[in-house]
Each structure stands twice: as C-alpha cells, then as structure tokens.
Amino acid sequence: MPERPDDETLPAWMADALRRPILADPAHAQRIVDAVRTMPRPRRSFVSRRAARPPRWATRRGMLAPGGGALLAAVLTMFLAVGRGMPGTSPVPSLGGASAIVLRDTVLGDALQDTLRLVRVVLAAPGATHVAVADTYTGRDDVSTALHRDARTGAWSGTVMVARDVVRLALVVESPTRQ
Amino acid sequence: VSASDPTDSTLVLRVLDGDGDAFGVLVARHHARCLRLAIHVLGSREDAEDAVQETFLRAYRSLGTYEDRDRFGGWLARILVNQCRTALTRRARSAETVADWEWAAAPDGVTEHPADQAALREELQRALAALDPAQREAVVLKFADDMTYDEISAVTGASVSALKMRVQRACRRLRALLGESAHA
C-alpha cells in the first residue's frame with residue numbers, strides 16, 4: 001500500500017516539544033572553547049579549495065564562456081594536427097579547418113538535463129575516407145560516432161552528445177595516404 | 001544572528017587566519033542547537049554533551065576542509081550525527097536513559113507546572129526511544145531542526161527515498177504508540 005504524504009506528520013505536541021529550545025549549560029560551551037584554545041590552529045586545505053573552484057572557462061552549468069568555446073576549438077584543432085599515428089591512419093590531409101559548436105543542452109521531457117550537450121562537429125578533410133569522434137568518456141577509437149561526408153564540399157560533419165565537463169574532442173581520421 | 005553579524009563562513013576564515021575568539025562565536029551560535037539534536041537522538045544529557053563537545057573539537061581540527069559552499073550548520077550536523085552514532089554504538093543496547101534535561105522556558109509566557117513539563121519530557125523520551133536509531137535520527141533532523149529531505153540526506157548519507165520511508169514509518173509508529181487524542 002503506497003505511503004501518503006500525511007503519514008509524515010507527528011502529533012502536534014511532539015513536533016512542538018522537539019523544536020523547543022533546551023536549557024544549555026553555559027559552562028559546557030565554555031569548556032569547549034577552552035579546550036579549543038589548547039589545540040593547534042587548523043590549517044587551510046588549499047588542495048580541496050582549488051579543486052572546488054570552477055574553471056575560468058565555465059560560466060554556469062551547461063554553458064561555455066566565449067573563451068571556453070575557443071579553447072574547445074583550439075584543442076580540437078590540436079588533436080587533428082597531431083593525428084593519431086595508428087596503422088591505416090595518418091595526419092589529416094588537406095585539412096581546411098575544424099569547428100565544434102555547442103548547440104544546446106539535451107532536454108528530456110519538460111526538465112532540462114544539462115549533463116549532456118549537443119555539439120556540432122565539422123571538419124574539412126576532402127581526402128579522408130572515414131572521420132569519427134572518439135568516445136568522450138574513454139577516448140577509445142573503437143567506440144566512436146562517425147561523421148558524414150558532404151559530397152559537394154568534402155566536409156565531414158555530425159552531431160554528438162558530450163558530457164558537460166568535456167572541453168576536448170578527439171577525432172579519428174582515416175586516409176588512404178600513408179605516413 | 002543579525003544582518004550586521006559576521007556570517008559563519010566569515011568566522012571560519014577568521015579562525016583560519018588565527019583569530020581564536022571567532023570559534024567561540026561559532027560555538028555560541030550553534031551549541032544550543034547541537035545539544036538539542038544530540039539530546040533527542042541520544043536521550044541523555046551527559047552523552048549529548050560529550051557528543052557535542054567532540055563535534056566542536058573535530059570541527060575545529062577539520063576547519064581547513066570546510067568549503068564556503070557548504071552551510072556551516074549542515075557541515076556541523078554531519079559531524080554531530082557521526083558522533084551520536086558512535087555514542088550509540090558504544091552504549092549498551094539495553095541501556096535505558098532518563099530525561100535528565102530541561103527545556104529553556106515555556107513558549108510565549110505560558111505558565112507550566114514543573115510536574116507537567118517533566119511528564120511531557122518523559123513521554124517524548126519514551127516515544128523517541130521506541131524508534132530504531134535510524135528512524136529517530138531522521139525524525140529529529142526533520143522535526144527538531146526543520147531540515148528538508150535533501151539536507152537530511154547530505155547530513156546522514158541516506159537517500160531521500162529511504163529517509164522518507166523512515167520518517168513515514170516512524171510517524172505511524174509514534175501515532176500508534178501515543179494516540180493522537182492524548183495531547184490534542
């Protein structure tokens with residue numbers, strides 16, 4: 001049988017009794033203060049404070065500051081320029097540029113689910129035979145989202161969902177040209 | 001606490017900067033509340049005072065890890081709940097407690113016979129003692145401290161759904177034990 005909200009009520013006198021202030025002995029509070037005075041001064045925990053500070057590129061949950069967007073694009077470009085160095089792949093030939101644009105947060109029903117973002121990825125690589133975005137959680141090449149080639153422009157594009165905190169994407173580019 | 005008084009976070013920073021008196025202000029601000037929660041959870045003034053003292057000493061030692069985004073009262077309550085759990089574990093399961101504490105004053109000038117107050121204290125204590133420790137902890141945090149379920153969850157580590165279930169079962173048990181009409 002399901003619980004009802006009114007199951008969460010106490011008899012009124014008991015709720016009042018629980019909230020009522022209790023006579024505290026001032027000497028007890030003083031003993032605590034006296035004990036503390038004998039203890040060494042607590043030290044700041046810099047590590048945890050630094051870890052809790054939001055990165056400068058972040059504005060609020062689910063959003064990137066303009067600088068954050070530029071950082072995302074820059075890292076993406078760097079990954080492309082470095083290449084993957086795996087058999088069958090090579091530094092990207094004819095790289096005309098890459099972009100990654102945050103389209104919006106993912107929405108489920110009426111509630112905004114800003115843990116994932118939709119990102120549009122575009123890569124100009126007319127000579128490539130296959131382009132994919134590596135899995136953002138593991139970076140594994142074998143778990144990836146393939147981009148589609150525009151036959152007219154030679155640009156590869158696709159929309160991927162990435163975790164809110166991800167600021168870099170790795171692309172796997174395959175080309176018939178060997179290193 | 002008036003608007004001109006320093007916030008808890010400000011006082012914490014002062015303590016970390018070497019102002020020894022600032023922690024005394026924090027103790028004065030939170031001592032009565034902590035004692036009330038501990039007394040209702042433990043049922044004994046002596047045990048409660050020990051738990052509260054250890055709570056403040058641990059809080060002082062760990063003050064460097066306190067984050068501004070936390071509410072100091074909630075952070076303190078988390079330490080207090082752990083101390084109360086430790087005290088309950090140490091205490092013999094069968095140990096009975098007597099209501100060796102008193103309320104500060106009758107609310108809003110109501111005159112109250114000492115015998116009536118003593119009877120009320122005994123009845124409250126007996127009722128809370130009838131609950132298992134996890135239920136009692138949830139009931140005290142919800143009703144004595146007006147915490148939301150999310151806040152209780154942060155303090156106790158239990159999920160919101162588990163806490164709701166505990167409170168509902170505790171309330172049903174208490175109503176059955178006490179009878180709604182007895183003090184209506």
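In this predicted model, B:Asp145 touches B:Arg33, B:Arg36, B:Leu37 and B:Val140, leaving out residues up to four places away in sequence. This aspartate sits in the loop that links α6 (133–144) to α7 (149–156) of chain B. B:Asp145 counts as buried because its relative accessible area is 16%, which falls under the 20% cut-off. Two of the residues it touches, B:Leu37 and B:Val140, turn up again in the lining of a cavity.

The structure holds 1 cavity of 30 Å³ or more, and the largest cavity has a volume of about 50 Å³. In general, rolling a probe the size of a water molecule over the atoms shows where empty space is left. The lining of the largest cavity is made up of B:Leu37, B:Val41, B:Leu80, B:Val81, B:Cys84, B:Glu137, B:Val140 and B:Leu141. Sorted by class, this lining has 7 nonpolar residues, no polar ones and 1 charged residue. Three helices of chain B, namely α2, α4 (72–90) and α6, each supply at least two residues of the lining.

Of the 184 residues in chain B, 47% are buried. Among its contacts between residues at least 6 apart in sequence, 61% join residues at least 24 apart.

B:Ile79 belongs to helix α4 of chain B and counts as buried, at 14% relative accessibility. Setting aside neighbours within four places in sequence, B:Ile79 is in contact with B:Thr55, B:Arg58 and B:Ala59. Its C-alpha atom is 9.5 Å from that of B:Ala51, a residue 28 places away in sequence. B:Pro133, in turn, is found in helix α6 of chain B. With a relative accessible area of 43%, B:Pro133 is partly exposed.

Attention now turns to the nonpolar interior. In soluble globular proteins, nonpolar side chains tend to be buried together. Here, the largest nonpolar core has 68 residues, and those with the most contacts inside it are A:Leu10, A:Met14 and B:Phe23. Helix α2 (residues 20–42) of chain B gives the most to this core, with 11 residues. Apart from this core lies another, of 14 residues, among them A:Val119, A:Ala125, A:Ala128 and A:Val131. B:Phe23 touches A:Val36 as well as B:Val15, B:Phe56, B:Tyr60 and B:Leu63, again not counting residues up to four places away in sequence.

The touch between B:Phe23 and A:Val36 leads on to the contact of the two chains. This contact takes 37 residues from chain A and 61 residues from chain B. Together, chain A and chain B bury about 4,500 Å² between them, with 61% of that area on carbon and sulfur atoms. On the chain A side, A:Trp13, A:Arg20 and A:Ile22 lose the most area to chain B, together accounting for 18% of what that side buries.

Definitions and conventions. Residues are numbered from 1 along each chain as its sequence is written. Chains are lettered from A and ligands numbered from 1 in the order in which they are written. This is a predicted model: local features need pLDDT of at least 70, side-chain atom pairs count only at pLDDT 80 or more; totals for chains, interfaces and linings use all residues. Side-chain values use heavy atoms; hydrogens and water are left out. A nonpolar core is a set of buried Ala, Val, Leu, Ile, Met, Phe, Trp, Tyr and Cys residues joined through side-chain atoms within 4.5 Å. Buried means under 20% relative accessible area, exposed over 50%, partly exposed in between (1.4 Å probe, protein chains only). Helices (H or I, at least four residues) and strands (E, at least two) are DSSP runs, numbered from the N terminus. Contact means heavy atoms within 4.5 Å. On a 1 Å grid over the protein atoms alone, a cavity is a set of points where a 1.4 Å probe fits but cannot get out, and a pocket is an open set with protein on both sides within 12 Å along at least five of seven lines; lining residues have an atom within 4 Å of a point. Grid points are joined across faces, edges and corners, and a volume is the space filled by probe spheres set on the points. Ala, Val, Leu, Ile, Met, Phe, Trp, Tyr, Cys and Pro count as nonpolar, Asp, Glu, Lys and Arg as charged, and the others, Gly among them, as polar. Buried area is the accessible area (1.4 Å probe) that two parts lose on being put together, summed over both.
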